[in-house]
Amino acid sequence: MKRNMFDVTAVEQMVRSGEPLILAGDEKVLSKLPSGKWIGGTIPYFITNDGGAFSQDKIYVTRLPEYVKDIEAKTYDINTIDQIYKDAPSNGFSFIILPGFSEIHEAFALKSPSYDDFASTPLVGWISGCSLDEMSATCPKTYYSANNYNDKAVVFHIELPVNKIADLHIINIFQQGDGDTIEFPADGFSSTKALVNGKEVDFVKYIQDNNIDIKLPLVADIFGAMINTSFREINEAENRVDFYAPIFHGQKYKIAKPVEDYVNAFESMVPDNLENIITFSCNCILNYLYADLQGKKLKGITGPITFGEITYQLLNQTMVYLEIIDI
Amino acid sequence: MLIPDKNSAGWKNAICKEGNYQFEFLGTKIILGRLGLKYRVNHTPQILNECVNELWDFFNKNSNIPKVQNDLKKLFG
């Protein structure tokens with residue numbers, strides 16, 4: 001396979017060879033790399049061949065297949081990110097990394113479904129992060145060559161030969177529960193009110209009165225694709241519920257069914273030998289934390305643990321993967 | 001399967017009706033979920049036409065993908 005963890009010296013050699021690379025690693029190591037044809041994002045959490053791991057001295061490397069026809073590297077800021085789909089190749093996919101907790105992260109999360117040509121070509125990627133113990137001292141960043149940003153998305157637009165296509169997948173162990181149907185009066189990252197089975201309620205009070213475990217996400221069923229929105233916190237001072245991804249007006253949500261054992265649930269959903277066909281995958285920091293994935297293997301599937309996953313739009317508490325298939 | 005004309009009723013039905021389609025391609029699920037939601041919160045003829053155009057463009061652009069072809073058959077039989 002073309003994905004693995006390497007130390008800085010090895011990655012430096014790959015960069016100097018001119019090979020296009022997609023990198024994930026702590027700022028301490030990404031900042032040591034020379035200029036070259038690479039994009040990256042900061043994160044020190046990974047699922048490796050040995051299981052979930054925290055590392056600030058190794059870099060997760062995704063190498064692109066030799067048959068890739070062309071790669072255009074670009075950065076986008078808050079004023080240009082809405083062009084991401086229009087800039088995509090006619091046959092291929094785009095790979096994006098956004099800096100976590102940034103204005104552009106929020107804008108993409110909220111507005112990407114309204115961008116011109118939304119979902120017309122595959123867009124996959126992730127939200128960068130940092131050590132949870134260092135969040136007061138640093139912030140998530142993205143890298144385009146040796147330049148780092150906390151306000152720009154970095155993108156590879158990747159053109160494939162006509163006989164190959166990019167196919168995106170999500171593996172979500174969460175399913176809608178059997179409880180109430182929840183809707184929200186407006187798009188946003190927070191809400192004070194909700195419509196529960198059509199009746200307006202104070203959403204904080206609803207969560208508390210019903211003893212809802214906010215480690216379980218809200219789940220929207222979109223033609224069988226289960227799309228999560230994770231709870232961030234109950235802000236009692238402002239009587240508001242905050243989320244890690246936007247809720248959308250008109251979308252019907254349910255609280256997820258509880259999951260007894262993440263690893264077992266995950267493994268039951270993953271076909272054997274999936275790792276051998278994956279070009280890229282990532283999984284969510286909330287899954288890593290809530291399921292205590294440190295040291296645990298996920299059927300051999302490796303990748304960065306991220307502060308948000310992207311397949312066409314922002315997702316939460318989900319594993320995503322890219323497969324390139326022959327047609 | 002050729003892409004049906006934009007005036008074919010199947011496009012509007014796909015957007016207006018929350019049918020129990022079992023699509024194969026994730027992009028089909030995502031775009032149709034988004035367009036259905038867009039129309040649900042603002043169900044005017046103008047928005048419906050915009051949605052039909054977007055959906056048609058999606059299928060036209062991805063018509064070389066076998067899973068998208070299968071999804072098209074689910075919409076139009």
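Reader: At what angle do helix α1 and helix α2 of chain B pack?

Author: Keep in mind that this is a predicted model. Helix α1 of chain B (residues 9-16) meets helix α2 of chain B (residues 26-41) at an angle of about 80°, and their axes are 8 Å apart. Angles from 65 to 115 degrees count as roughly perpendicular, and α1(B) and α2(B) are therefore roughly perpendicular to each other.

Reader: Which residues make the contact between α1(B) and α2(B)?

Author: From α1(B) come B:A14, B:I15 and B:C16, while α2(B) supplies B:L32, B:L35, B:G36 and B:Y39. Sorted by class, six residues of this contact are nonpolar, one is polar and none is charged.

Reader: How many residues does the largest nonpolar core have?

Author: Here is the general idea: in soluble globular proteins, nonpolar side chains tend to be buried together. In this model the largest nonpolar core has 111 residues. Those with the most contacts inside this core are A:L23, A:I59, A:I96, A:V124, A:L322 and B:L55. The element that gives the most to the core is α2(B), with six residues.

Reader: What is A:L23 in contact with, leaving aside its neighbours within four places in sequence?

Author: The partners of A:L23 beyond those neighbours are A:V11, A:L30, A:W38, A:G40, A:I59, A:Y60 and A:V61.

Reader: And how many residues of chain A and chain B are in contact?

Author: On chain A, 21 residues are in contact with 20 residues of chain B. Strand β13 of chain A (residues 164-171) gives the most to chain A's side, with four residues. That side of chain A has 13 nonpolar and eight polar residues, and no charged ones.

Terms used. Residues numbered from 1 in each chain as written. Chains lettered and ligands numbered in written order. Predicted model: local features only at pLDDT ≥ 70, side-chain atom pairs only at ≥ 80, totals over all residues. Contact = placed C-beta atoms within 7 Å. Helix = DSSP H or I, 4+ residues; strand = E, 2+ residues; numbered from the N terminus. Nonpolar A, V, L, I, M, F, W, Y, C, P; charged D, E, K, R; others polar. Axes fitted to C-alpha atoms, helices over the stretch in contact; angles between N-to-C directions. Parallel < 35°, antiparallel > 145°, perpendicular 65-115°, else oblique. Core = buried A, V, L, I, M, F, W, Y, C linked by C-beta atoms within 7 Å. Buried ≥ 20, exposed ≤ 12 C-beta atoms within 10 Å, placed from the backbone.
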